[in-house]
Amino acid sequence: MSPGPDGQADNPAGPPGDGDAADATRAEATADESGRDWRVVDSLKRRAIAILGVGTTLLLVGMFYYPVATVFREAVVVDGRATLDIFAGVLQDPFYVGDLAGLFRGESPLSVASDLLSADRDVGIVGFTAYQALLSTLASVALGVPLAYLLARYEFRGRRTLRSLTILPFVLPSIMVAVGFRATFSESGTLNTLLGAVGLPPVDLLFSLEAIVIAHAFYNAPLVARVTTAAWESVDASAVDTARSLGASPFRAFRDVILPQLRPAVLMGATLTFVFTFGTFPIVLALGGAELMTLEVRVYRLVESLDYGEAAALAILELAISLSILYVYLRYEARQSTRTRGSRPLARRSLRPPALSVRELLPRAGLLVYGAIAVAVFALPIVSMFQASLTDASGFTLDHYRFLLERQTGGAAFQVRPWPAIRNSLFFGVGSLLVALPMGVTVAVLTTRRYRGRKLVDAVAMAPLAVAGIIVGIGLLRGLVFGVSFGSYRLVVGGAAAIVAAHAVASYPFVVRTVTPGLESLDSRLPESARSLGASRARALVDVELPLVWPGVVAGAAFAFAISIGEFSSTVVLATGTDQYTMPVAIERFIGRRTGPATAMGVVLLVVTSVSFVVIDRLGGEYRDGL
């Protein structure tokens, strides 16, 4: 600008004063725009929980519901045409359904019933799967209920620790436990060594139905014990005292007062055990041998041979049977009256008998026998795995660990090496944790708020618990990994991302179940006070609610990470033919040829899982202390 006649600079924008008005207008516009930005931010804060809910829903659809729908499509669509031929072929094949196949081929029901009742009946793979699940359920109840009795009715040092340990089998990798049982039941295993030491003949349990049932009881008896203990501790002692005062004997009081309150819990544990063992995979794969095959093992073999249609049909058949069992139980549970915790729980007795009478000594002697059996079932496989990793026919050795080191340095590209397996497991564990933790916390928040449809949200979110991992793995493989077309665009998800998705689907329900009780027990006045002071729902959640339930969040994170590290069913499907194998997959590949290195790899897996638990718990504790 050039100076004017009066020495003032020319103002090309207009006469004097117009510049100030323009500046004011621009300032007002900036203020309005800034105000709109803040209003948008404030609106996002107020709707943060809803936005997280939508994001979680989209993730769940992409990582779970779409893959499962893909499996359904594989079973009913052949060459672009809808058909039930694959299902019909499965149901008419005696290999799968045994003598029942005649019923689907149009034979007389009486003739089929006669075949099923004969001594040489054929039940097929489906029948064997149900049979081993039934035996596993009975064994789990037989082991779990006495443990519940011990925890609920007796007081002793270490009772709380023992009760906490009942959750441990849920995070122990199943293939690792299978390796421990192989080391226990082998010809020169721990069991036969102990039998020989006391002069008893050896037993041959490896690759037998008995080995499968015992291994399943290892996993599921603690589940039965946990739910039954909670029910036993909820019995009101005053009701028992009333029955005794009316002349009932201790047995009659137990039968008429306590047992009706325990029955739903025992049935719930038994139902869940049946569903879990009906969909068994790693245990049977490692301990069943070639002759013993369940539905999931057959599905895996079909996937290996690229017969995806028949594999999908079998997976859906398995899912339908499992959901039917759950539905029957839920209908039974809905008819039961709702019971709350008794105002005066039953008093616990000391394990040390107050008097040397038959009445006092008999139950304690029974618990002593039970304790010996429980130690053999629960502790012996883990001890055997450690022993087998450090011994061979000549005695103590480090050759199995040395083999892992040699395989790492000199193994071919196509061979399984320890470090990539450990690295992949940790990478997938961190990735699934980053996905599963926010998903689980979001679902826990959504299912603890009061609104219409909350039960439906809970059921939809918890559906992954009822679906076998191998179904999710097949769906992710056939869907996202092979690619999904959207017009001219094709979405392909890498194998690593698919494995993280499968692990997150398997682990986030455990985050939900560890965070939800804490949120439900919070005093509602605390977040309401924060809201009354102007905090948004999201701010009240982050600043008030989550810090108060942080131990549950940390526990959920530890469970999610450990479950990811030990996940096998979906991983073995997605990692086949790739270098994305994890420690459980490496154990499975070792176990068929080299039991020693498999046990050494199992020890490495157990150490990594345990260290991860401790690290996550310590980090969570430091964060909580800094709040």
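**Burial and salt bridges**

Me: Why does Arg 301 count as partly exposed?
Reply: Arg 301 has a relative accessibility of 34%, and partly exposed is the class between buried (under 20% relative accessible area) and exposed (over 50%), computed with a 1.4 Å probe on protein chains only, so Arg 301 counts as partly exposed. This is a predicted model, in which local features need pLDDT of at least 70 and side-chain atom pairs count only at pLDDT 80 or more, while totals for chains, interfaces and linings use all residues. Residues are numbered from 1 along each chain as its sequence is written, and side-chain values use heavy atoms, with hydrogens and water left out.

Me: What makes the meeting of Glu 304 and Arg 301 a salt bridge?
Reply: The term requires a side-chain nitrogen of Lys or Arg within 4 Å of a carboxyl oxygen of Asp or Glu, and the side chains of Glu 304 and Arg 301 meet at 3.2 Å, N to O.

Me: Why is Glu 304 called partly exposed?
Reply: Its relative accessibility is 41%, so Glu 304 counts as partly exposed.

Me: Why is Pro 418 called buried?
Reply: Pro 418 has a relative accessible area of 9%, and is therefore buried.

Me: Which residues is Pro 418 in contact with, leaving aside its neighbours within four places in sequence?
Reply: With contact taken as heavy atoms within 4.5 Å, Pro 418 is in contact with Leu 404, Arg 407, Gln 408 and Met 601.
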